[in-house]
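Take a look, then read on.

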Amino acid sequence: MQEQPETAFAPGLTAQVELTVTDADTAQAVGSGDVPVLGTPRVLALAEAATVAATATGMPPGSTTVGTRVELEHLAPTVVGRTVRAQALLATVDGRRLSFEVTVSDGDQTVARGRVDRILVDRQRFVERAGRAS
């Protein structure tokens with residue numbers, strides 16, 4: 001049996017990513033509404049991208065993280081042309097489970113906030129198991 005990877009991450013780890021909102025990012029374009037503002041699925045994808053970026057440099061060889069749980073409050077609209085910034089803070093580590101606090105902001109305004117949980121896995125084993133489930 002193949003060993004599961006051990007976590008090499010500690011609370012306090014952070015990363016941020018940015019997105020300049022385009023028409024392709026709107027609720028209209030992604031099918032989550034009929035208004036021309038940043039769609040919630042894109043907000044979530046940006047928040048997850050920040051969590052992935054936070055773990056990127058310290059990732060053990062052959063490992064990756066996969067999302068397991070998300071809690072997200074989308075608090076304010078963002079119009080096309082604005083740049084939003086997602087920041088992830090690794091709040092807790094429980095074995096291989098990593099829990100991030102995430103915020104998405106447009107300047108000084110909080111656009112969204114929540115939590116994203118990820119788990120550290122052996123990448124090859126995960127992909128093989130996913131392929132068998134098809």
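**Getting to know the model**

UniProt, in an unreviewed entry, places the feature "active site" at T40, E48 and H74. Although these residues are spread over 35 residues of sequence, they cluster in space, with a largest C-alpha distance of 14.1 Å. UniProt positions follow the numbering used here, feature names are shortened, and annotations may be inferred rather than shown by experiment.

This is a predicted model, where local features need pLDDT of at least 70, side-chain atom pairs count only at pLDDT 80 or more, and totals for chains, interfaces and linings use all residues. Residues are numbered from 1 along each chain as its sequence is written, and side-chain values use heavy atoms, leaving out hydrogens and water.

Q: What pattern does the protein follow, read along the sequence?
A: Helices (H or I, at least four residues) and strands (E, at least two) are DSSP runs, numbered from the N terminus. The protein has three helices and five strands. Along the sequence, they come in the pattern β-α-α-β-β-β-β-α.

Q: Which side chain does H74 join in a polar contact?
A: H74 is found in strand β2, while T40 sits in helix α2, residues 40-56. A polar contact is a pair of N or O atoms within 3.5 Å; within protein, one must be able to donate a hydrogen and the other to accept it, and residues adjacent in sequence count only if both atoms are side-chain atoms. At 2.7 Å, the side chain of H74 is joined to that of T40.

Q: Is T40 buried or exposed, or something in between?
A: Buried means under 20% relative accessible area, exposed over 50%, and partly exposed in between (1.4 Å probe, protein chains only). T40 has a relative accessible area of 37%, so T40 counts as partly exposed.

Q: Which residues does G67 touch, not counting residues up to four places away in sequence?
A: G67 carries the UniProt feature "binding site", again from an unreviewed entry, and its place is in strand β2, residues 63-74. Contact means heavy atoms within 4.5 Å. Leaving out residues up to four places away in sequence, G67 touches E48, D117 and R118.

Q: Why does D106 count as buried?
A: D106 belongs to strand β4, residues 97-106. Its side chain makes a polar contact of 2.5 Å with the side chain of R82. D106 counts as buried because its relative accessible area is 8%.

Q: How far apart are the C-alpha atoms of V93 and P11?
A: V93 lies in strand β3, residues 83-94, and is partly exposed at 26% relative accessibility. Along the chain, V93 and P11 are 82 residues apart. Their C-alpha atoms, though, are separated by 6.4 Å.

Q: How much of the span of residues 21-123 is strand?
A: An unreviewed UniProt entry places the feature "domain: Fluoroacetyl-CoA-specific thioesterase-like" at residues 21-123. The end C-alpha atoms of that span lie 31 Å apart.

Q: What percentage of the residues in the protein is buried?
A: Along its principal axes, the C-alpha trace spans about 50 × 35 × 20 Å. Of the 134 residues in the protein, the buried ones make up 34%.
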